[in-house]
Every structure is written in structure tokens, then in C-alpha cells.
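Here is a short briefing to read alongside the model on your screen. Have the sequence and the viewer open as you go.

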Amino acid sequence: MAAEKGMNITLKVWRQKNGQSKGALETYQINDVSPDSSFLEMMDALNDQIIMKDGSPVVFDHDCREGICGSCSMYINGQPHGPARLVTTCQLHMREFKDGETIYVEPFRAKAFPVIKDLVVDRSALDRIQHAGGYISVNTSGNTQDANAIPIEKEKADKAFDAATCIGCGACVAACKNASASLFMSAKISQYALLPQGQVEAKNRVLAMVKQAEEEGFGPCSNTGACEIECPKGISLENIARMNREYLSASLTSK
Amino acid sequence: MSESRGLLKSHIVKKYWMAFTGLFLILFLTGHLAGNLQLFMSGYAGQLQFNEYAVFMTTNPAVKLLSYVTYLSIIFHAIDGMMISIANKKARPISYAYSRPEKNSIWSSRNMGVLGTIILVYIVVHMQNFWYVYKFGSTPFMMNEAGNAPLLQDGTAVAGGLIENGSVFLNGENVGVAMKDLHTIVVDGFTNPILVGFYVLAMIALGFHLVHGFSSAFQSLGLNHPKYNPIIRKVGYAYAIVVPAIFALIPVYMFFM
């Protein structure tokens, strides 16, 4: 394989020792970056370079590196998961950038996402929203019903599946000018609201999850649509409208 | 947060109210614009038409009721909007050093609070310009075409009548309420180029507010359907351009006439 010309990149990376300290952008130069490497591979190379000079490596979240775990985050050049559409940071390739470009790398910013260190934020607020109502109760006493025994309209099943592809990465929160978790929350509500199994707890689910999101400090939805554009899984705004409908009917009829 | 209930119990409920009052105010704008079109009528006929319309708008009980609902809607929309804006800001105390919001959303959608504030200031100025002067200020009164007899609110000319404290007196007897001449106040007001410029600017702000607000209201109320979304978006854009443009045209037209 012919050797490709490496890229020279200037990085402005957010460095912050811990949640209490004040962070700042720090500038790094990294040369000979393969255009085919992923953004995280480039970050790995940067950390090698920093460690070689006895520095403290940049801490960032990652796990599966194939776009399904929702671990990686990073606000890259003013957008969550960078400039490419429908990909997470781990699937973002350096060829999306220009040789000699300056790239800003910041943590996802929200009151509900406190910085732990450098680019790592605590996203457990999303877990707590899920715990508040994002589940169904199934009898597992030994004679569990087959879920496929209930006929479900194909279109609805597809929509529920689309909503369930949300990986909970928090890009919607990071992109939203109000740090709202509406897209995440509405996907988690919709995946059940569309299915018969989800009807039993439907009312309490939407009320509890919305309440939890507010307690966590996520903002209101301004319908800017930024979340839908930036979502690596293409979760639709239609889900937010469904959540609004679910919430309206639940509020009007709850005791 | 405690177990809050009632009118503003959550962000989503606040958004329902924004949408609900916003859509009502869109209906109001349509009616207001239809009335204003009478200002394009020229001559004495136009002046009389507009002043008779002003009497109808201030005396008809149904219109009065609607006007109170409109005032309430404006106040509620503004206060609710401020509360939402504060919650928006609180949710991200530390902003990004480098952000490209134009990559994922339109400018209007991110600046509804600023646009709304401009419109609110405009409404206060506009109410002072015409509503306050018409109700409480010293207004001229409407005369018949020959200019020798004052008109009553129902349009009848009282030959030899004298106007005192807003009423027409004939031989010392009160024969009815005199018709005020709002048309002349409007014509005089729009001889001021600064006022005309301010009105035009406010209507541009209104246009941008509606570009996002119109379709956003439907989404907030949960009305999102692939069949109707394109219609809502297109009607919203058309409304946001056409209605403020005609509103803005009126002071400009009157300035140059």
C-alpha cells in the first residue's frame, strides 16, 4: 500500500483537572495524521505524543468504537461528534478535515453534564431519566409470554425500532442551545408508546421521565431542530411531538 | 422541584401555553391586518370608513371581549417566554468556546427571545401612539365632508352641533357621543420618518419571529405528521413574509402619500 500523505493538525483541546477546577483550551500540534484514521485514533496518537513528553494524557470517553455504545462524545469544531452527519466521534474520519486545519475539541456542555476531567462528562442524568419510567414490567416467573405473540402493525414496529436505536450519547443535549434532553427522552418514551406492551405504564412513564429531566437541570425544547440534525442515529423530531401528545393526555387525565 | 401542578407545572406545559397563545395571536394579526387595509382607502370616504371602523372596534361587546383575550395572550406569551428563556440559559451555565449553531438550526429559532422583546417594545410604543391617544388623549373629531357639522358615532351629521367633552351638543342639549378622528392621528403620526422606520423594523422582527414560531407552535402541541408538516411549513413561511410585509407597507405608503 502506498504511503499516504499525512495531515498536519492544530488541536485546541479543553483541559480540566476535575469538576472543581477551572478548565481552559490548550493548543497541541500533531503531524502526519492519516486521513483514514478515526478521530479517536488521532486522539490516541496525540496522547502517545503527550505521554512521551511526560505529560498527562487527554482523558476522553470511548468504548466500542463502532458507533453503537454511545460512550464517545466530544464537541468538535462547534458540533457534537464533529462535522459529519449520522456518525459518532469514533466513526468520524480525519478526511472530514482539511490539512493544516485548527480543530476545537470541547466536552459536551450542560448543567446536567458536569465535567469529570478534560473531555469526560458525567452523563448519568440520562440513566436516571431512563430509570424514572423508561421500562415495561414483564412477568418473568417462568411462563413469560412471547412478545411476538401480539400482532403489531409493521409501520409502528419500525417507528418503535427507529426510536430504540437511540444510543443515549447525549449529542442532542450538547447540540441544543437550551441543553434540552427532549430528543433522548422522547425516543425512550416513543419506543414504548408505539407498542402495545408499553401501554400499561404509558401515562406514568411520560410524567415521570419529563419530571426527572427537569430535576436534572435539562432545559426546555425550543424546536430549533438542532438535535435531529446532530443525532448520530437520526432520531426524528416526530418523537418529541409524540412525547408532547403523550404528556398532554397524561397530564389532563392523571389524578 | 416539588410535586408541582397547575398552569405552568413543567417546561412542556409552558410550551403548550406559548404555542396556544402564539396561535391565537396569529389569528389576531390576521384580523388586525384586514382592518388596517382600510387605511389604503383614500379621500374623505377612506377617512370616514376607518373612523367608523374604530367606533365599531371600541364599542362592540364581542370585539371588546376579544380584545381583552388578546391583551391577556400578549402578556401571558411574554411572561411565559421570559420564564422559558431563563430556564434555557440556566441549563447551560458554561457555554462553548467555539460553536457552529448555524450548521444545525435557523437563526430565528435561536433568537425568539430577542425578537419577542423587540416586538413587545413595539407593542408598547404602538399602543401609546394610537390606542392611548384614541382612548385618553386629545383627539380631533370627525366632521361631515363639508366640514361644518360634527358626526355622531353612528355617522349622522349634526348641523349646528358643538363638541364638548367628547359629546355633541345641539342648542345646549347632549345629542350623542362624537366620532373621534383616529384617521388623522394615524396620518399625522406617519409623517415622522423615525416612527415609520421603527414600525418597519418591528415588522421585520415579527416576520423572523413568525418564521420559527408558526411551525414551532404546531410541534409543541404535538401536531407533527408527515402528511401535514410540509403544508404547515409552507403556510408558516408565507404567513411570516406576507403579513408583516403588508403591515409594514401601510406606514410607508402613508408617509409617501
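Predicted model: local features only at pLDDT ≥ 70, side-chain atom pairs only at ≥ 80, totals over all residues.

Residues are numbered from 1 along each chain as its sequence is written, chains are lettered from A and ligands numbered from 1 in the order in which they are written, and side-chain values use heavy atoms, with hydrogens and water left out.

**Where chain B meets chain A**

- Chain B brings 36 residues to the contact and chain A brings 48, where contact means heavy atoms within 4.5 Å.
- About 3,600 Å² is buried between the two chains, and carbon and sulfur atoms give 53% of that area. Buried area here is the accessible area (1.4 Å probe) that two parts lose on being put together, summed over both.
- The number of salt bridges between chain B and chain A is zero, a salt bridge being a side-chain nitrogen of Lys or Arg within 4 Å of a carboxyl oxygen of Asp or Glu.
- Polar contacts, in turn, join 27 residue pairs across this interface, both residues at pLDDT 80 or more. The rule asks for a pair of N or O atoms within 3.5 Å; within protein, one must be able to donate a hydrogen and the other to accept it, and residues adjacent in sequence count only if both atoms are side-chain atoms.
- On the side of chain B that touches chain A, the elements giving two or more residues are α1 (11-36), α3 (61-90), α4 and α7 of chain B. Helices (H or I, at least four residues) and strands (E, at least two) are DSSP runs, numbered from the N terminus.
- The largest share of that side, five residues, comes from α1(B).

- N223(A) sits in the loop between α6 (202-216) and α7 (226-230) of chain A.
- With a relative accessibility of 12%, N223(A) counts as buried; buried means under 20% relative accessible area, exposed over 50%, and partly exposed in between (1.4 Å probe, protein chains only).
- Leaving out residues up to four places away in sequence, N223(A) touches H212(B), S216(B), Q219(B) and S220(B). Its side chain makes a polar contact with the side chain of S220(B) at 3.0 Å.

**Helix α5 of chain B**

- Helix α5 (residues 112-136) of chain B has a kink of about 40°, centred on Q128(B). The bend at a residue is the angle between axes fitted to the seven residues ending there and the seven starting there.
- Its buried residues are M112(B), L115(B), I119(B), Y122(B), N129(B), F130(B) and Y134(B).
- Their cover includes α2 (43-59), α4 (107-110), α6 (182-189) and α7 (193-220) of chain B.

**Salt bridges**

- Over all chains, the count is 12 salt bridges.
- D118(A) and R15(A) pair through their side chains at 3.2 Å, N to O. D118(A) lies in the loop between β6 (115-117) and β7 (120-121) of chain A and R15(A) in strand β1 (residues 7-15), so the pair ties together parts that are 103 residues apart in sequence. Both residues are buried.
- K154(A) and D158(A) meet at 2.8 Å, N to O. K154(A) is exposed at 59% relative accessibility, while D158(A) is partly exposed at 35%.
- E238(A) bridges to R242(A), with the closest N and O atoms 3.6 Å apart. K159(A), E238(A) and R242(A) are linked in a network of salt bridges.
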